[in-house]
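Let's take a walk through this structure together. Have the sequence and the 3D view at hand as you read.

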Amino acid sequence: MSPKETTAWVDLQSHAYYMSQSHISTLFSESPDRFAQFGFTQDNLLLDLSKQRITDETLNLLIELAKERNLPNWIESLFKGDHINDSEDRPALHTALRTPKGTTLEVDGVEIIEEVHQNLERMEAIVDKIHSGQWRGFTGHSINTVVNIGVGGSDLGPLMACKALAEYQPEEAQNLSVHFVSSMDGSQLADLLSHLNPARTLFVISSKSFTTIDTLANANTAKEWLKQAGNTASEEVLVSRHFIGVSASPDKALSWGIPKSNQLAFWDWTGGRYSMWSTIGLPIALKLGMKGFREVLAGAHNMDTHFKETPLKQNLPVLIAMVGIWNINFLNINAHAILPYDGRLNHLPAYLEQLEMESNGKSVTRKGKATDYNTCPILWGEVGTNAQHAFYQLLHQGTESVMCDFIVAAKRYHDTDNSELKHQHQLNLANCLAQSRILALGDTVIKGAENAPAYKRYKGNQPCTTLLLDELTPHTFGQIIAMYEHKVFVQSVIWDINPFDQWGVELGKKVATNLLDALSPNALIEDFDSSTQGLLQHISMRNK
Amino acid sequence: MKITIWGNELPAWTSAAALAESGNHVKIVTGLDQAGNKNEIAFKISNEPGLQHCIDEAIRSGRLQSVTAEDGLTPTTHIISLNPDEYEIAAQLAKDLAVKHPSNLLIINQSHFGVGSTDKLQELLYEPYNQALAYLPDMLAEGSALNNFKNPETIIVGCSNDWALLNIKALMRPFSQSLKQWMLMTPKEAEFTKFANTGMLALRLSYINELANLADHLEVDIEVIREGMISDPRIGPHYLHPGCGFGGLHFQQYIEGLSELMEVNRNSKLLNTVLAENEKQKEQPFRKLWRHYECDLKDKTVTIWGLSFKPGTASIDNAPSLKVIETLLAQGCKIQVHDPEAGSNIAQHFNNHERIDVVDCCYQALQNSDGLLLLTEWSEYWSPEYDEMLSKMRHPLIIDGRNIFDKEILQSLGFTYYGVGR
């Protein structure tokens with residue numbers, strides 16, 4: 001049954017007709033204790049939905065919709081490892097990656113929790129060896145630099161985590177620098193290689209399939225750089241001392257040259273964008289130590305338990321997802337801004353862009369039919385205070401309705417005695433609260449605004465969510481990322497789409513392979529469209 | 001003279017033994033650290049040649065006794081010989097002594113608390129009543145400390161009080177036979193001089209090691225270069241032997257102190273780099289072995305000759321052997337080690353690790369060996385029985401961390417030889 005055919009959807013449509021006339025500022029004046037009504041807590045998180053254009057009735061109907069869409073059953077299927085990634089016929093078990101030791105979960109006849117922990121222990125051995133300075137390069141010097149080469153899920157999660165949690169670097173990791181390289185054009189890598197010491201650099205090649213051309217191109221360049229530096233050492237020795245492969249395709253990694261002893265495995269049931277909890281998280285463990293990495297996992301597991309066990313009406317991922325459904329499908333808002341008020345979370349927008357848009361940016365249902373409703377909106381974002389000087393103009397006075405997520409930590413800089421730095425956090429908090437207030441309530445927040453000229457008016461009514469962390473720690477970081485993962489899953493259930501595949505990225509790879517041939521001298525290019533032909537000719541002329 | 005010496009390290013015990021031997025009545029207070037913190041690398045008297053004997057003699061004669069802190073306060077002459085990080089203890093002691101002896105109190109500071117610290121201590125005393133503090137830097141080298149103390153060529157003394165100077169000269173008179181000069185300066189200058197000397201020596205060692213590593217790459221013999229260098233009288237021969245790094249408890253501690261001083265005041269990384277490079281240099285023999293075996297040492301049997309940080313001592317403080325053994329263990333090697341003095345210290349340091357075999361005979365350590373690393377140039381290693389070595393070793397590979405062997409002879413006998421910079 002299409003979601004549009006459920007009773008709740010129909011009811012929500014008529015409710016939306018009424019609500020679309022209302023303004024968030026009016027909702028506040030009608031019900032001054034909205035915060036008590038729409039503020040939800042879980043462990044160290046507070047989710048404030050009171051600046052959304054919702055009432056009690058909205059939430060009730062949304063929860064009804066979730067029930068009619070069988071959400072509780074889907075949640076159960078997710079956790080127990082049913083093949084809910086139907087187009088690829090496999091489970092999506094990122095939750096298993098953070099399940100504590102001692103639990104059992106049998107999937108397709110295999111006990112996987114034990115395997116997960118065996119892999120974590122192998123990872124721990126590698127981390128220990130590097131941290132103790134005993135991973136040696138071809139000259140015998142210890143490794144002090146790690147470069148993670150990966151793209152998409154093999155890059156964004158670890159990159160985000162390493163930046164977000166850098167202050168939790170333990171002493172044994174202080175002398176190790178961790179870098180990330182992803183872009184196919186080699187620009188990041190070329191820049192790095194110009195100042196790294198080959199004798200002390202270790203490359204982590206992260207690729208689920210070990211066929212990702214972006215990653216292999218960078219890995220080949222890195223290998224060539226090492227070969228030039230290690231003139232007398234054989235390629236086999238160089239690769240065995242300077243490359244670790246993290247992959248679900250061990251044989252492909254082996255044929256590239258990485259011996260099994262230098263490989264860390266994960267499983268095909270770990271989606272790329274859900275993989276930072278697996279051995280793909282090696283850079284995180286190198287930066288934070290295994291203890292820190294395990295804290296991130298524990299935070300995520302805490303959210304998993306909450307998601308699995310809490311009634312839908314108090315369930316954070318469900319609430320944030322269903323309010324999204326309301327905005328997208330009933331208030332017709334198709335843009336979503338991610339606004340962390342925390343420089344440490346500057347990679348969160350890019351991470352969520354992939355997580356949400358690659359998961360739910362689809363228009364075909366699980367049964368292969370075209371959807372006749374909107375699915376994933378366009379997401380983008382930036383550190384809030386910087387975005388204030390960039391695109392907030394559009395949020396405040398543009399023609400687009402945009403829903404906004406404000407993410408901020410209540411506590412920061414408690415360990416410093418620099419009072420100015422503490423003051424900067426107050427400044428940051430004040431801006432975060434001010435912006436969500438104006439975006440939701442408009443210029444009603446100040447007296448006499450109605451007398452201002454039109455170009456100085458703020459219409460408000462942009463729905464805002466505030467996610468307030470007690471403080472940003474490995475634990476709360478794990479919690480919020482897991483919360484967004486489950487939010488995406490809940491929305492996919494409502495929309496009847498498979499969030500765990502990404503067929504939309506395949507064709508480009510194929511066509512690029514054809515075009516690679518077309519770029520060689522004297523290639524036949526008649527089969528391409530005139531635009532592509534024209535561009536190819538121009539490139540060819542410029543390279544003569 | 002009645003003297004109390006406060007401290008439990010090499011300079012304290014050396015001063016105590018030598019001063020008691022020359023007729024003074026010496027009390028030594030060793031248990032001063034009230035927090036009960038023990039320095040991680042505690043000084044062992046037995047590591048220092050001749051010292052234990054000299055102390056035993058002094059105790060037997062009744063001129064040296066170990067006493068409690070309270071008992072230690074009674075004499076009017078004191079030598080403070082504490083660790084660089086124990087300034088607060090010294091300050092408390094100075095205050096206590098000032099109360100106990102309102103006049104004619106001589107405190108000789110032998111500790112390296114940093115430049116200016118003797119003056120800071122002096123401020124706790126009342127100089128007009130001859131409560132005086134002087135700085136007498138120890139010029140002791142581990143392994144020959146007693147001789148250094150008893151036969152100095154130069155005595156540097158940092159002192160601004162005539163009464164104190166007179167007393168110090170009297171105290172040191174028995175050791176003035178071969179003395180060429182007394183160098184009198186302010187305590188601050190004397191402290192700086194001690195630091196400066198130590199830093200200079202470290203720089204020379206670091207420089208020659210850097211040159212040796214370069215020589216490796218350029219395939220020239222550093223020994224030839226070194227001889228050329230020392231023929232220049234402006235340079236001279238001292239502290240210019242390339243090797244696998246320097247160690248020792250005090251030398252390293254002082255350089256660390258000076259390095260910090262330079263970094264804080266001048267933002268200078270010069271000595272910091274020296275220290276960091278020295279740590280890398282200690283692993284240089286490992287790296288040669290690693291490259292020889294193409295980066296795979298798993299299950300190899302490796303022999304080490306020489307474990308102490310230098311010949312003539314059993315001390316392994318900051319010794320290259322520690323780093324090399326750690327690294328070999330991490331790579332899965334079996335290690336057979338020999339040292340005339342330091343074997344049991346190594347066994348203890350590594351908790352009698354099952355893959356470390358400490359043996360009494362250096363040839364026994366070569367049984368089925370895949371390579372010999374020479375880390376300390378004990379004299380008994382200089383001219384070994386090559387045939388016996390060849391017959392015992394599985395692979396006749398020698399990595400000479402101190403350049404004591406003749407490269408040509410070894411190669412002609414069938415050894416594979418790597419030195420430092422040759």
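Start with helix H12 (residues 284-292) of chain B, which lies across strand S9 (301-305), strand S12 (371-374), S13 and S14 of chain B, with contact meaning heavy atoms within 4.5 Å. H12(B) runs at about 150° to S13(B); axes are lines fitted to C-alpha atoms, for helices over the stretch in contact, and angles run from 0 to 180 degrees between N-to-C directions. Helices (H or I, at least four residues) and strands (E, at least two) are DSSP runs, numbered from the N terminus.

Before going on, please note that this is a predicted model, where local features need pLDDT of at least 70, side-chain atom pairs count only at pLDDT 80 or more, and totals for chains, interfaces and linings use all residues. Residues are numbered from 1 along each chain as its sequence is written, chains are lettered from A and ligands numbered from 1 in the order in which they are written, and side-chain values use heavy atoms, leaving out hydrogens and water.

Now look at the sheet under discussion. In chain B, six strands form an open sheet in the order S11-S10-S9-S12-S13-S14, with parallel pairing; two strands pair if DSSP finds at least two bridges between them. At the edges are strand S11 (356-358) and strand S14 (416-418) of chain B, each pairing on one side only. From one strand to the next, the twist averages 20°. Strands of a sheet pair through backbone hydrogen bonds, either parallel or antiparallel. For an example, find strand S13 (residues 397-400) of chain B, which three bridges join to S14(B). Here Leu397(B) has Thr416(B) in S14(B) as its bridge partner.

Next come the salt bridges, where a side-chain nitrogen of Lys or Arg is within 4 Å of a carboxyl oxygen of Asp or Glu. Over all chains, the structure holds 41 of them. In chain B, Lys194(B) forms one with Asp138(B), their closest N and O atoms being 3.9 Å apart. Lys194(B) lies in helix H8 (residues 187-218) of chain B and Asp138(B) in the loop between strand S6 (131-135) and helix H6 (145-150) of chain B, so this pair ties together parts that are 56 residues apart in sequence. Both Lys194(B) and Asp138(B) are buried (buried means under 20% relative accessible area, exposed over 50%, partly exposed in between, with a 1.4 Å probe and protein chains only).

A second pair is Glu277(B) and Lys280(B), whose side chains meet at 3.1 Å, N to O. These two residues are three apart in helix H11 (residues 270-282) of chain B, and therefore separated by about one helical turn. Glu277(B) counts as partly exposed, at 26% relative accessibility, and so does Lys280(B), at 28%.

How do the two chains meet? Twelve residues of chain A are in contact with twelve residues of chain B. The area buried between them is about 1,100 Å², of which carbon and sulfur atoms give 49%; buried area is the accessible area (1.4 Å probe) that two parts lose on being put together, summed over both. In chain A, Gln134(A), Arg136(A) and His141(A) lose the most area to chain B, together 41% of what that side buries. One salt bridge is counted between the chains: the side chains of Arg136(A) and Glu283(B) meet at 2.6 Å, N to O.
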